[in-house]
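Biologist: Please show me the model, and then let me ask what stands behind each label you put on it.

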Amino acid sequence: MSMTARRRLHDIYQLSDFEKAVRRYLPKAVYEYVRNGAGAELSLRRNRAIFQRYLWRPYRLRDVSSLNTRITLFGEDYAQPFGLAPTGGAAMTRFDADRIEAAAAHRHNLFYALSANSLTPLEEIIRINPRAWFAAYLPSDLAVIDGMIDRVQKAGYPVLLITCDVPVGAQRIAETRAGYSMPIRPKWRSTIGALRHPGWTFGTLGRTILRDRNPRIVNIRPQGGPGLFSNEIAAVGGAPDFTWDHIRHIRARWNGKLILKGILRPEDAEEAAKIGVDGIVVSDHGGRLLDSSVAPLEVLPEIRKAARNMSVVIDGGFRCGGDVLKAMALGADAVMLGRPFLQACALAGGAGLDKAVSILGTELRRDLALIGLAELASLDVSLLKDLGSTGFAGRAEENI
Ligand SMILES: Cc1cc2nc3c(=O)[nH]c(=O)nc-3n(C[C@H](O)[C@H](O)[C@H](O)COP(=O)(O)O)c2cc1C
């Protein structure tokens, strides 16, 4: 580990520490792009507050000397029930972040999804991590969809994840106010921010431009994608006329596992199961899209029921091992985390990710033992006292 990484990581004890620590090293525009949520950030805060609704009812005097945290997901074995959520724009937070995240996930035997909103060709990422998933943002044009499916299939991805919750772009005020924009357009606030963070300006942005000349969102279309400074970049995201018909079409063409991300209603889970989708991610996109939507955790049990044989992954606000275990007790097969891993990578690259994985894994094992279980498979709803949808002390004012 480099001296810089060691120094930056020395005071990190829990995942929420990464957000505080990385603030010093990123220009405000980039820091806020990662941290912020949509609108008044009610959903961002609720995603955290909702964990207070469920309290543990632990068993005593059970043998927990040998713990097993492995899971099987989409036919693959993983070391932990948590993985890395797709996060677009990762390369804005650290030079080569796409490659660093893919490699860390592979090293730790965790599942990982590459966002289509990325600068590294998907064909290179799958060489670094042969089990990577590809998280697509697709338009409604069938020729483009087919071209994209063929490209991802040819590259050898076993899992295609479709992000379904972005029919239109979101409004996130903190990042906009701080000067974050795509395409990149230097504004006085973001320029001052960049000048105050020469480490980021030269080490991340400068190095990326030096290497790629005109960095492009290369995985958004079959033939590549727009440059970071081009107006065409506005098309990165979903499409307002992308519907269930497109999912049926994709299911017929894509041979691998298919996952829909962004499900928050049981009816949508039922529809996905009918179409032959293999899994869903119960998600509100980390509170980044529709403010005041339900928190994924509170709708998990009804969606689990509706999902039949599909695998159910969840994300949004997971920040410690106990959070992951609560979701599994409520019926999730696995959990994804977005911001904590991205911030860990931004702070200290691969060493940051190693630390994040170690913290989360250690917490998970400790809490599993303290609950009185040796196996994740023994988690069930009887272990939780549910304070009810209105009964928990939602300290929504604080970002807990
Ligand atoms: C900076 C950032 C970029 C994201 N980009 C994408 C994306 O390209 N595709 C996608 O499906 N979700 C994206 N997400 C959402 C994450 O996959 C995930 O749903 C969310 O971060 C989970 O919440 P958490 O950050 O509280 O863990 C992004 C999230 C962040 C923070």
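Modeller: Among contacts in the protein between residues at least 6 apart in sequence, 74% join residues at least 24 apart. A contact here means heavy atoms within 4.5 Å.

Biologist: What kind of model is this, and how are residues numbered?

Modeller: This is a predicted model, in which local features need pLDDT of at least 70 and side-chain atom pairs count only at pLDDT 80 or more, while totals for chains, interfaces and linings use all residues. Residues are numbered from 1 along each chain as its sequence is written, and side-chain values use heavy atoms, with hydrogens and water left out.

Biologist: How many helices and strands are there in the protein?

Modeller: The protein has 15 helices and twelve strands. These are DSSP runs numbered from the N terminus: helices are H or I with at least four residues, strands E with at least two.

Biologist: What makes the protein as compact as a globular protein of that length?

Modeller: Its radius of gyration is 20 Å, close to the 21 Å that the globule rule gives for 400 residues, so the protein is as compact as a globular protein of that length. The radius is taken over C-alpha atoms, and the rule is 2.2 Å times the number of residues to the power 0.38.

Biologist: Why do arginine 46 and glutamate 298 count as a salt bridge?

Modeller: A salt bridge needs a side-chain nitrogen of Lys or Arg within 4 Å of a carboxyl oxygen of Asp or Glu. For arginine 46 and glutamate 298 the N to O distance is 2.8 Å, so they meet in a salt bridge. Arginine 46 lies in helix H4 (residues 42–49) and glutamate 298 in helix H13, so the pair ties together parts that are 252 residues apart in sequence.

Biologist: Why is glutamate 298 called buried?

Modeller: Buried means under 20% relative accessible area, exposed over 50%, and partly exposed in between (1.4 Å probe, protein chains only). Glutamate 298 has 15%, so it is buried. Arginine 46 has 27%, so it is partly exposed.

Biologist: Which other residues of H13 are buried?

Modeller: In H13 (residues 296–306), the buried residues also include Pro296, Leu297, Val299 and Leu300.

Biologist: How do you know that glutamate 123 and arginine 151 form a salt bridge?

Modeller: Their closest N and O atoms are 2.8 Å apart. Glutamate 123 lies in helix H6 and arginine 151 in helix H7 (residues 142–155), so the pair ties together parts that are 28 residues apart in sequence. Glutamate 123 is partly exposed at 28%, whereas arginine 151 is buried at 13%.
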